[in-house]
Amino acid sequence: MTRKLKRIRSWINAQWLKIKPGKQAVKGASRTLLGAVVLCWLIFSLRLVFGINDPWILVFAAAMLLLFWLSSLLIVKAIKLLNSIPKGLKIVLFTSIPLLFFMFDNPIIAIAFIVIVSLLGASIFVLRKTGIKSLTRIKKGIVVLGLLLGIGGLVFSFVSYSTKGYDVDKMVNAAHQSIDKIEPLQFESPATKGTYTVKQLTYGNGNDKRRVEYGKDATIKTESVNGVPFIDNWVGFSGWAREKIWGFDYKELPINGRVWYPEGDGPFPLALIVHGNHSMQDHSDPGYDYLGELLASRGIILASVDENFINGGWTNIFGGLDEENDARGWLLLEHLKVWHEWNDKSENPFYKKIDTSNLAIIGHSRGGEAVAIAAMMNKLPYYPDDASIKLDYNFNIKSVVAIAPVDGQYKPGNSGTKFKDVNYFVIHGAQDADVRSFMGSQQYERIAFKDSAYYMKSGLYVYGANHGQFNSTWGNNDQGFSFTGMLNLKQLLSEEDQQEIAKVYISAFLDATLKDKKEYLPLFVDARKGKNWLPETIYLNQFEDSTSEYVSGFDEDFDVVTTSKKGKISSKNLTVWREEEIKLKWQQKGSRALVLGWDYELEDEEEAIPNEKLASYSIHIDSNAVDTDLSKAFVFSMAESTESSNPKTKGKWVDDNEKNESNEEEEKDEEETEKDEKDEEDGKDEPKQPIDFSILFEDFKGESIKFSLSDFSPLQREIESVIMKIDFLTGDNESEKIFQTFYFPIKKVSEKNPSFDITSLKKITYLFDKSNKGVVVIDNVGFMNVIE
């Protein structure tokens with residue numbers, strides 16, 4: 001065999017020598033190509049010169065030509081250097097680099113690994129094989145230095161990996177500064193175990209060869225469904241391997257689920273919960289047992305839907321299932337279809353035990369988008385991407401819960417998923433290393449309330465919560481790789497605390513929307529209402545209901561001096577004022593908002609702000625434009641922006657006459673920076689205090705009331721999360737604008753001036769009189785019925 005290979009190689013080399021270009025051919029090709037390219041570049045440059053009448057283009061063109069020439073020399077040198085590396089080391093490098101990049105998913109870690117291990121290995125081998133005595137003085141120094149660097153790097157890497165993580169900058173919990181003004185709910189926690197005895201069973205097609213609970217041990221047998229219209233790329237090696245693993249293909253998708261249910265006659269509300277994308281052979285559906293036990297004990301049936309067979313796997317490295325989230329949502333509806341059939345079959349354990357007028361669907365990660373897709377498809381007669389496929393389910397889905405969801409992996413008609421007249425709750429963690437952006441806030445914006453019934457939607461952002469701990473089988477490794485120690489876990493809540501938060505909020509949401517227990521609604525406006533139930537951390541709530549009516553939503557046009565209700569806007573002394581699309585870490589939020597900034601440039605932080613310098617933003621309300629009375633609450637959503645509060649002190653705003661002032665400002669900033677660094681060294685680095693300001697109401701009779709933002713809560717500073725340990729070295733802290741709803745009952749604020757008439761409200765003013773500088777993003781200014 002070896003001789004044959006040598007003969008083949010010799011024949012190939014001989015044929016190459018026959019056609020290999022000679023020196024003159026190579027020289028002619030290179031010189032001609034260079035001349036042609038330079039000529040074309042010259043013509044291109046001259047046309048630009050005469051086209052735009054700017055001879056400086058020639059200088060720019062010459063510089064570009066020189067730059068690329070020098071770059072090519074460097075590349076050639078680098079290739080030459082690479083060729084000088086011994087063959088064995090090159091093979092090892094070319095083998096190691098892709099493997100390390102695949103394992104660590106971070107070039108800095110991969111390169112550091114190569115350098116540390118190579119230095120250590122080179123030094124040890126030289127000492128063992130050559131000996132220190134036979135080396136020159138310079139090489140002795142190099143070997144010792146390499147050994148020290150290798151051992152030091154190894155020790156540092158081990159210590160860094162083995163620790164939970166590192167402390168982040170201190171951050172003030174803004175809500176706690178006003179916690180004494182909030183009366184917590186005094187009744188029993190919704191996470192308290194209920195009075196029902198909990199029973200369990202599973203259902204499946206009875207033929208599952210991998211999981212007996214859905215095979216021979218399934219209590220209820222189900223029929224498979226054809227997923228061809230909704231599944232893409234169950235083909236090739238990945239499709240073949242997936243079929244071998246599961247024993248079926250996408251034409252026979254099973255209806256599998258595990259159920260926790262209350263013992264009793266019922267009928268009981270029904271909730272389905274579906275997992276997200278995880279390794280398909282590390283089964284995800286058992287991971288919501290903590291919710292199943294709780295909800296069933298409180299009189300709600302919970303079924304955890306098995307969709308592991310359309311999750312990712314190692315076989316997907318060669319291509320695999322793609323854009324399958326519509327299938328995830330469709331499968332949920334097929335499960336509901338089966339449950340409705342069981343409710344009507346006398347031989348079924350759930351005969352007449354299901355309250356089909358009170359249904360909820362819950363999803364985690366990709367499942368969090370799947371429940372939104374299911375809520376949309378539920379009301380559609382046909383599949384929006386192929387109208388030859390009939391849907392027409394029309395189940396009574398009242399409530400949707402999304403846990404750390406993705407958004408936009410399925411786009412019906414190339415648009416975002418929309419649905420209406422369904423209650424919605426989304427929860428996300430700031431320490432999420434998988435879905436690092438609060439993507440559920442995008443779906444939040446696309447939910448509308450149209451009919452006369454009461455609906456609500458709420459968002460909850462939790463400092464310290466991650467992606468995986470919402471599922472008891474996923475744990476604290478959000479990214480799926482084996483090296484959990486690369487994640488920064490220091491700020492992570494315990495799994496017990498994170499699941500307690502999920503239990504409190506999901507149980508309260510289902511009780512409020514399926515059982516009409518409206519006493520839980522204040523919890524969704526303000527987490528401090530549940531301080532007796534919830535673990536200690538920072539919570540940001542966003543809330544809207546079907547009674548909400550907005551004076552300004554900032555989505556109607558691009559005119560910054562008009563409102564949504566035909567009113568007008570005025571302002572004073574603002575350093576920032578615009579309306580713009582809200583940007584998240586990864587995508588746009590899908591809503592426009594108001595951005596306001598002020599900066600008083602005070603030398604002393606304690607110095608009083610002169611009245612003539614006070615910045616303000618006023619909304620002048622058209623008569624009878626909005627329904628206001630003592631049964632209402634004034635509401636708006638707000639987040640901090642970390643942009644400059646005084647952007648006009650640099651760039652195009654600074655002319656020659658202001659350069660001296662600008663230089664003075666720069667010197668002053670440098671002095672302040674030095675002072676901050678010294679304070680930090682002395683341990684005096686203090687976190688930024690939350691933002692506070694006043695709100696002023698005026699009526700048409702001239703009466704007014706003034707109250708503080710902090711009467712509800714000061715504004716939480718933008719939360720920064722450090723997800724990976726390497727981020728401490730690179731400084732890649734992550735943050736985004738997370739909105740919080742501010743809520744002021746009119747009856748309470750009117751106590752400041754009994755003569756004030758809220759029914760004749762004329763003007764709302766944001767008066768920035770408490771914090772010396774800041775930038776805030778405000779959305780949805782208006783009124784809603786008081787939540788009691």
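Predicted model: local features only at pLDDT ≥ 70, side-chain atom pairs only at ≥ 80, totals over all residues.

Q: Great. How many strands form the open sheet, and in what order?

A: There are 10 strands, ordered E2-E1-E3-E5-E4-E6-E7-E9-E11-E12, and the pairing is mixed. Strand E2 (220–221) and strand E12 (539–545) are the edge strands, each pairing on one side only.

Q: How do E1 and E3 pair, parallel or antiparallel?

A: Antiparallel: six bridges link strand E1 (residues 198–204) with strand E3 (residues 257–262). Leu201 has Val259 in E3 as its bridge partner.

Q: Let's jump to E11. Which strands does E11 pair with?

A: Strand E9 (residues 423–429) runs parallel to E11, with six bridges joining them. E12 pairs with E11 in the antiparallel sense over seven bridges.

Q: And which residues are the bridge partners of Tyr461?

A: His428 is paired with Tyr461 in E11, and Leu540 in E12 stands opposite Tyr461.

Q: Why is E11 described as largely enclosed by the rest of the structure?

A: Because seven of the seven residues of strand E11 (residues 456–462) are buried. Both faces are covered: Met456, Ser458, Leu460 and Val462 are buried on one side, and Lys457, Gly459 and Tyr461 are buried on the other.

Q: Nice. Switching to loops, where is Ile389, and is Ile389 buried or exposed?

A: Ile389 sits in the loop between helix H10 (366–378) and strand E7 (397–403). With a relative accessible area of 16%, Ile389 falls under the 20% cut-off, so it counts as buried.

Q: How far apart are Ile389 and Phe230?

A: In sequence they are 159 residues apart, and their C-alpha atoms are 10.0 Å apart in space.

Q: Now the charges. Which residues make up the positive patch on the surface?

A: Arg3, Lys4, Lys6 and Arg7 gather there. Arg3 belongs to helix H1 (residues 2–19), and Arg3 is exposed, with a relative accessible area of 68%.

Q: What about the negative one: which residues form that surface patch?

A: That patch is formed by Asp555, Glu556, Asp559 and Glu581.

Q: Where does Glu556 lie, and what is its relative accessible area?

A: Glu556 lies in the loop between strand E13 (549–552) and strand E14 (568–572). Its relative accessible area is 35%, so Glu556 is partly exposed.

Technical notes. Residues numbered from 1 in each chain as written. Heavy atoms only, no water. Patch = residues over 30% accessible without salt bridge, like charges linked within 9 Å, V, L, I, M, F, W, Y side chains within 5 Å. Areas by Shrake-Rupley, 256 points an atom, 1.4 Å probe, with all protein chains shown as cover. Salt bridge = Lys/Arg side-chain N within 4 Å of Asp/Glu carboxyl O. Lys, Arg positive; Asp, Glu negative; His and termini not counted. Charge placed at Lys NZ, Arg CZ, Asp CG, Glu CD. Helix = DSSP H or I, 4+ residues; strand = E, 2+ residues; numbered from the N terminus. Buried < 20%, exposed > 50% of the residue type's maximum accessible area, 1.4 Å probe, protein only. Pairing = 2+ DSSP bridges.
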